[in-house]
Structure formats: C-alpha cells, structure tokens
Amino acid sequence: MTSQSDTDKFEQHRQDKIEKLAALGIDPYGSRYDQVEPAESIKARFQDEQEGQHARCAGRIVLFRDIGKLVFITLRDRSGTIQVGLSKSILKDQWPLAKLLDLGDIIGAVGQLGRTRTGEITIWVEENGLAFLSKCLAQPPEKFHGLADIDQRYRQRYVDLWANPEVMERFKKRSAIIATIRQFLEARGFLEVETPMMQAIAGGAAAKPFITHHNSLDLDLYLRISPELFLKRLLVGGLERVFEINRSFRNEGLSRRHNPEFTMIEVYQAYGDYNVMMDLTEELIGSCVAAHCADTNVTFGDCDVNLARPWRRARYADLLKEHSGCDIDDIDAVRRKARSLELDESAMDDAVVVNEVFEATVEDALIDPTFVLDYPAVLCPLTKRSKTDPRYADRFELFIAGMELANAYTELNDPAQQYENFLVQLKGQEDTMATMDTDFIKALKYGMPPAGGLGIGIDRLVMILTGATTIRDVILFPHLKPVDAPTPG
RNA sequence: GGGAGUGUAGCUCAGUCGGUAGAGCAACGCACUUUUAAUGCGUAGGUCCUGGGUUCGAGUCCCAGCACUCUCACCA
C-alpha cells in the first residue's frame, strides 16, 4: 500500500458519507445559515444559566467524542469554541446523522443551552437542529499538536488558521491594529489615498524592483518600491494631510524581517517637519500599544521591550560614539573600527563606512523604542538638510528590538536641490533601475509645502505588538517557493 | 550565494553499537447517555527525501543532489 492510496482510502470513506447524506436528501455542502451567534458570546450570555435559553451556532468540528448514544463535539468558529451535544433521545429521527459527522466538517447547530456534569456549557441539539454546511474530505491535522510543519503552515494557512487558534488571534489583532491606525489618522484630518502600484519609474527608495509588462502599451513597468513620490505630488496638489497603507515590493533577499511584498504606511503632513512626525509616530504607535497590548512591557524573542512613553531620542552621531566609541568626524577611527568588525571598508565612501559601523554596533542594541535623529545628509537624498549643520539631514528612524520600524524626515521641497540629489543617487546605482523622475521635479517646481513625511513598517509593528519574531507569522500568505506541480497521470 | 540543522505512517515524533520498522493521535471495526486531547478491545497503514557508494547486511556510515528551517551575506 502506498501512502497515496491511504489518502484515497481516507477520502473515499468520507465520500461514502456524502453519498449516504445525499441518499437521505441532505446537501452535504449546505446553504445559507442565518442568525448565527458567535460561540464565545453564547457562552458569555449563559453565565447566568437561566433555564430555557436557546442558541444557534455554526463552525468547524475540531474535536469529536462519540460515546455511544451521546456525541460531544467541540465546534470552532471565528470567536472561539463551544461544545455541542448530540443525544439519541433528543435527536430522534436525526440521530443517524450524528454518525455521518467527521472531524473537520462544518456544521450548524440549534438547541437548548445547558451544562454537563462537569460544568461545560453545551448546546444540546434539538430535533432537526443539526445542519450539514460543508463536508471535510481532506484529512485534518493531528488534533493535539495541530499543524506544526512550518512549511505546511504557511502553504496551507487555510488549515493553520483553525488548527492553531493563536494564529487566528494574531491575524485578528493585525486587522485591529490597522483599524486603530486608520481611526487615529482620520481623527486628525488625514485623508486615505491610493497611488499607483505599477510605476514607470520605481522611486522613493533605493531598492531593486520587480518588473512587469503591459501588453497593449508594450511597456515595462515596475511594482512600486515605495509610494513616496506620488504622495508628495498630492501635497503639491493641496491635499495637505494624506496617508496610504500600501503594499510595496522589493526584489531582495528574504529574512525573518523581510518579505518581498510588505505593508507599510506612509503619512505626509504639510507645514510639519520631522519633529512633528516624531511626536505623531510616538502617539500613533503608543495608541496601538494602549489598544492592543496588555501592558507596555512586551516580550520579543529573547528581548524584554519597554514600550512606555516617552521614548528615547538620540542623535545618530551620539549613538555612534556611545556604541562604537568612534567620533563621527574622525573617519580614521571609524575605518579602524570597521576593520576590527571585519568589514571590507577599503572601497566604501566615508559616509557608507560610518553607516556600516553604525548598523553593526548600534542597531542591535536599540531594544526599547529609540528615535535615531539627524542622519548624515548624503544618506538622505529626499530629505531637507539641517539649517544648523548641513552635513546632517532632518531625518529620524525609529528602532524597536533592534529592528527598523519607522523612517521619517522633513521633506525636501527645493526642486533644484532634489534634482542634484537624484543625479548623485543615480551614479553607480544601475542595478536598482533608478531613473531620473523629471515629472517629480516638475511637480516640485509648482511648489510643495514644507512637510513632514513618515513611513512605518506595518508588518514589523505587528511583529512587535504580537511577539512574532518572524515576519512570516504576521503575513497570511508569505512568499514561498512554489511547489512543483505533480506530473499528471 | 556561504555555514549549520532537519527530512521515518495522513499528523506529531521515537528508533541504542550497522542486524528484518515503533508509539500517540487520525483512520477502519466493536462497545459505551455527560465526555473534555473521552475510554477500552481489535484491524489496517511505510519509496525511512532521491540517487550512488562501503558492507554478508544501511533508517543508521560515506558521497552527491533535492526540499525545508535557522543563520550570515545582500537589503535607505
């Protein structure tokens, strides 16, 4: 016997039950089922145990205990679980149907609420109160360990979601966090907008894009690496406060913090600057913490993270000094440090070496939320330079648990300076497909109000707030290599 | 692309020194009207990832490949 025929045998047994149901005139794939109450709300309202209460619920059979003339079912729906009891003496003519149920089936149940001997709240299904809504033909995962194989969990998220309740909880929380963000911004007068995901010029970041092709225009297009340049066009247009919760795409390596397509939010506020955005960031994420975390201390892998406000604000140069011992202006010292970190600095520009040392020594150490302020200007082509020291740009990044969570700056609105920066950026970046965005320069020539702009990695934020140390646990269908299709025949 | 690890029943996993493949759950059959991962008895289920090699004999040792995981590199 091969395993394939075992699987077929399993499916055949269940197929047989479908045919038995059909012979009884019952559609195993059911239909509309109204007035369904979530399992957890049924249990909540029965706490007072008033006699004669009815309930109507629907869900998937995740546990099945057949003890003769009595069957106990644990039914799972989006809210949780509830026990459903089938009794031969109550079901009467419908009793034989109880023996056609299997683990994994989706059913509806109506009946009296009661408690069993051990106190479990149970829906005792009444006569004709059992509804077949969908037969499960495929074999469900093991009931106690759930679906544990990581690859299968991501590939078959449709099983993972009900086999592992904490998975469903995490994705419900993700939705709730995004709802909180929307409410927060809408309450402050920000308008949610949508800008192109297919762009002729992939701008707003330095990353390798994915290429796609428009047939009838015979035109190569890029999947956006950032919505930034379009959102700033909207500032020129006078929308003044906009945000986009956007999927962006970067053709780079995968890691526990990187998925090729990821969700971020970008926010632009006319007449603001990066200090305004820093306050906004702290309040925005703070409101998510308040709404969705039990308290401000969260665990993230091996880290204990304290999210209590206010958050530390420290200059880039000061953090470099603190963690590497190097003065940012002493390039020889920085290069010595780079060599001691086994970085090959010989071919790097000064600013790049500084940033490499910064990333190697500082970022991992920023566990509690830390705003890193005032980046070297050469690293920031879209950012306005500091009025007091033009070597630095008015930009911050927010780090939590060693992870870059947000990036914001005072937007550069000088078209001549922006044009110069683009030219510098284009040198030696052929592999990023970077192209001069002359239309963006033209837009700036019409006048863009001074503005603060902010980007927050939504996936990473959800990771922090739900304790998921890999980005694939907060993305419903993370990128995976496709499985080879089985050869037909 | 580099390094490390994993791959055994549908699922979760054992498998000792190289000596004819094991458990729990799921499945199938029987019993059971208050179970809680129900229980008891019975049955069935294997390309030990793939291909080579060593050996009288390989799930086990060696080589190569594949897949996945972790990690490093890449990554405004």
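Contact here means heavy atoms within 4.5 Å. Before you click further, know that this is a predicted model, where local features need pLDDT of at least 70, side-chain atom pairs count only at pLDDT 80 or more, and totals for chains, interfaces and linings use all residues. Residues are numbered from 1 along each chain as its sequence is written, chains are lettered from A and ligands numbered from 1 in the order in which they are written, and side-chain values use heavy atoms, leaving out hydrogens and water.

Now switch to cartoon view. Chain A has 15 helices and 18 strands; these are DSSP runs numbered from the N terminus, with helices being H or I of at least four residues and strands E of at least two. Along the principal axes, the C-alpha atoms fill a box of roughly 85 × 60 × 50 Å.

Chain A exposes about 24,500 Å², and carbon and sulfur atoms supply 51% of that. Accessible areas come from the Shrake-Rupley method with a 1.4 Å probe, and for residues only the protein chains shown count as cover. Of the 489 residues, 49% are buried (under 20% relative accessible area; exposed is over 50%, partly exposed in between).

Keep the surface on and select Tyr-158, Leu-476 and Phe-477, which make a nonpolar patch of about 340 Å². Patch residues have over 30% relative accessible area and no salt bridge, with nonpolar side chains (Val, Leu, Ile, Met, Phe, Trp, Tyr) joined within 5 Å and like charges within 9 Å. A salt bridge is a side-chain nitrogen of Lys or Arg within 4 Å of a carboxyl oxygen of Asp or Glu. Zoom in on Phe-477: this residue sits in the segment after α15 (458-466) and is exposed, at 55% relative accessible area.

Hide the surface and pick helix α11, residues 331-340, where Ala-333, Val-334, Arg-335 and Ala-338 are buried. What do the buried residues of α11 pack against? Select α12 (350-361) and you have their partner. Just after α11, click Glu-342, which takes a positive phi of about 60°.

Last stop: the cysteines. How many disulfides are there? Counting pairs of cysteine sulfur atoms within 2.5 Å, you get 0. Cys-57 is buried at 1%, and its sulfur is too far for a bond because the closest cysteine sulfur, in Cys-136, is 18 Å away. Cys-288 is buried too, at 0%; its closest cysteine sulfur is in Cys-293, at 8.7 Å, so that pair is too far for a bond.

Technical notes. Buried < 20%, exposed > 50% of the residue type's maximum accessible area, 1.4 Å probe, protein only.
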